[in-house]
Amino acid sequence: MTSSLRDQSTDGPNAHVPTLIALASRSASSSLPSDEFLASTLHALRVMVFPELGQADEAPTQIAARVIDGFRSMIGAVAKVSQSGEAERWLNAFLRQIPAVCELLSDDVRSAYEGDPAATGTIEVAACYPGIRALFVYRFAHVLVGIGVPILPRMMSEFAHRETGIDIHPAAQIGAAVFIDHGTGVVIGETAVIGDRCRIYQGVTLGAKSFDREPDGSMRRGYKRHPTLESDVVVYAGATILGGETVIGRGSVVSGGVFLTQSVPAGHIVAGPALQLRVRSMGGGL
């Protein structure tokens, strides 16, 4: 310890400056978008989708320009990092699909309002509900996955994860009018499939049961590892559903706290064993 302190005092912090500069600049020619720039661009996109959330002095032309310029910059950055010449095609394909995604998000907001008696209106849902914020980011990130854009979709989904506590892989397939209520702790894996009008509550995991290996021992990729929820399924708080072959049939209900690794036919209710409760007075003994 004494020797280490003496070495630092002899060299001084400035002795390390050249090494640290070299480390900081080694990838400067191909850097990814900053968190701040990503957040700013997503905010502009959110105002485009939900105009009620914007400022009165923001003209539609300004908002559209921020979205186009922001995604041009971000898509260009990840194209450069991945050494792809597809940036312009990716940008045009993404911008072309924005209206269709807006329709999906409108359905999500309406589903949340109709499914939550505490909601006072669709503007409150769009502005305040973490499930809507997570789905907003997911739906646009999913478009980017579909047109082949690398890295940026995961950056977007992890931004939403930090903001909401809801972890949705951008490659997951999620149908229309889905409602994620409360949402904290929800995990939806890469190959999960969720049908239309499903409702998912806080703490739900749609995960993998195990991970296959290739003959050389490396992790197998690109196969279905996560479950499928058919349309109109409800999964209550804290349920865990695992496995790529697990299918929850249309209209079924999975009760809270259930751990499930097998398929369920359509129109069924899945519940765990009933708890044995003991109620005693505060002054009583065990």
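Student: What makes the charged end of R225 count as sitting over the ring of Y223?

Tutor: In this predicted model, the charged end of R225 is 5.7 Å from the centre of the Y223 ring. The cut-off is a distance within 6 Å, together with a position within 35 degrees of the ring normal. The value of 5.7 Å meets the distance part, and R225 is listed as sitting over the ring.

Student: Which other residue lies over the face of Y223, and at what distance from the ring centre?

Tutor: R220 does, at 4.2 Å from the ring centre. This value also falls within the 6 Å limit.

Student: Why is R220 called partly exposed?

Tutor: Its relative accessible area is 34%. Buried means under 20% and exposed means over 50%, so 34% puts R220 in between. D212, with 31%, is partly exposed by this rule as well.

Student: How many salt bridges does the structure hold?

Tutor: It holds 12. One of them joins the side chains of R72 and D69, at 3.4 Å from N to O. In general, side chains of opposite charge can pair when their charged atoms come close.

Student: How do you know that R72 and D69 are about one helical turn apart?

Tutor: They are 3 residues apart in helix α4, which covers residues 60-81, and that spacing is about one turn. R72 has 41% relative accessibility and D69 has 45%. Each value lies between 20% and 50%, so each residue counts as partly exposed.

Student: What makes the contact of R133 and E163 a salt bridge?

Tutor: The N to O distance between these side chains is 3.8 Å, and the limit is 4 Å. R133 is in helix α7 and E163 in helix α8 (residues 152-164), so the pair ties together parts 30 residues apart in sequence. R133 is partly exposed at 27% relative accessibility, and E163 is partly exposed at 47%.

Student: Which residues are linked in a network of salt bridges?

Tutor: R197, D232 and R250 are. R197 lies in the loop between β5 (193-194) and β6.

Student: Are A177 and R197 buried or partly exposed?

Tutor: A177 has 14% relative accessibility, which is under 20%, so A177 is buried. R197 has 39%, so R197 is partly exposed.

Student: Let us turn to rings. Why is the pair of F136 and F140 called edge-to-face?

Tutor: A search of the whole structure finds 4 aromatic pairs. The ring centres of F136 and F140 are 5.5 Å apart, with the planes at 75°.

Student: Where do F136 and F140 lie?

Tutor: Both lie in helix α7 (residues 130-146), 4 residues apart, about one turn of the helix. With F71 and F94 they form one aromatic cluster.

Student: Which residues touch the most other members of the largest nonpolar core?

Tutor: The core has 41 residues, and those with the most contacts to other members are L45, F71, F94, F140, L144, L152 and M156. Elements giving two or more residues to this core include α3 (35-49), α4 and α7. The element that gives the most is α5, with 9 residues.

How values were computed: Residues are numbered from 1 along each chain as its sequence is written. This is a predicted model: local features need pLDDT of at least 70, side-chain atom pairs count only at pLDDT 80 or more; totals for chains, interfaces and linings use all residues. Side-chain values use heavy atoms; hydrogens and water are left out. Rings of Phe, Tyr and Trp (its six-membered ring) pair if their centres lie within 6.5 Å; planes under 30 degrees apart count as stacked, over 60 as edge-to-face and the rest as tilted. Buried means under 20% relative accessible area, exposed over 50%, partly exposed in between (1.4 Å probe, protein chains only). A nonpolar core is a set of buried Ala, Val, Leu, Ile, Met, Phe, Trp, Tyr and Cys residues joined through side-chain atoms within 4.5 Å.
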